[in-house]
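Dear colleague,

Please keep it open while you read.

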Amino acid sequence: MSPGTWAAHKARKERLGKCGVARLQFGQVVLALLVGVAVGWLAPGFAVQLKPLGDGFIKLIKMIIAPLVFATLVSGIASMGDGKTVGRIGLKAMAWFMAASITSLLLGLLMANLLAPGHGMNLPLPAADAASNLKTGALNLRDFVAHMFPKSFVEAMATNEVLQIVVFSLFFGTAASAVGDKAKGLIDAIDAVAHIMLKVTGYVMNFAPFAVFAAIAGMVAKEGLGILSTYGSFMAQFYLSLGLLWLALGAGGLLFRTVHLFFLKDVQTGLVWFTKILTDPFHDVMLYYRSPMYLLRGELVDPQHARDRKSTRLNS
């Protein structure tokens, strides 16, 4: 076997291995769900004692957020090279983030009012004068902008202020890119941290079945088996809303791309893009957007080239 064939075989084996792990984890979660229902119904006294498992899993998720965001952003920004590329991609990413956030909020409000997902759960309402220990106040743009900038990077990491971590990471990554070779060792170390944190994320997700088991067992023990139908309806409504959000964001991305080609590049390229959308709106467009970076970089990828690459990967 030639070195090239062996490398392709090894890469294909790794991909199949990852798919197998994903299927195994999904099966474990489903099994944990079923076992949790049985334990919550048959042994409610024991099930309510499992709450620390679910709480511990949530804490593990929070544990990995800050270092993962910082390491991935800094290594990605530093690898882009010049500040002009960083600024261009950063502005597009921020515009897409704001548009997606607003779309998500509006669609969420619409679906919540149409479907009323909490109806039928019969949860007890707190007293009107009950203390919630939450800091409440009118939301305004001034406070939101002021909150974006961290007083201390250590404080932002300790409190998981993701937006503040993102701002610091942008400055840090841009400065590291500007320094050049002097920061290469540090950037390599941060890139290694990013890979380590992705591996840690995989380890944490291995505990998901235990968290699902504890959560569903405690809920069934507390509310009874009737809660399953309510939760099933809630999940169906959730995935329906998620599918509509996916369609809305996809349509917005296509619109953004079409306007970008017509007004920022040339009309001929825009017409080619628009024609491909009309003739094959689902197949070709999905090949264009297999990676969100195509949108951020402003690149137009030939669908036939994408098909050839996909065929090469499958045949290797």
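**Aromatic rings and the nonpolar core**

Phe70, Phe153, Phe168 and Phe172 are linked into a cluster by ring pairs, where rings of Phe, Tyr and Trp (its six-membered ring) pair if their centres lie within 6.5 Å, and count as stacked with planes under 30 degrees apart, edge-to-face over 60 and tilted otherwise. This is a predicted model, in which local features need pLDDT of at least 70 and side-chain atom pairs pLDDT 80 or more, while totals for chains, interfaces and linings use all residues. Residues are numbered from 1 along each chain as its sequence is written, and side-chain values use heavy atoms, leaving out hydrogens and water.

By the ring rule there are 7 aromatic pairs. One of them, Phe168 with Phe172, is tilted, at 5.9 Å centre to centre and 35 degrees between the planes. These two residues are separated by about one helical turn, because they lie 4 residues apart in helix α7 (helices are DSSP runs of H or I with at least four residues, numbered from the N terminus).

Phe70 also belongs to the largest nonpolar core, which has 13 residues, and is among those that touch the most other members, together with Val74, Ile165, Ile187 and Ile190. Such a core is a set of buried Ala, Val, Leu, Ile, Met, Phe, Trp, Tyr and Cys residues joined through side-chain atoms within 4.5 Å, and buried means under 20% relative accessible area, exposed over 50% and partly exposed in between, with a 1.4 Å probe and protein chains only. Helix α3 gives the most to this core, with 6 residues.

Best wishes
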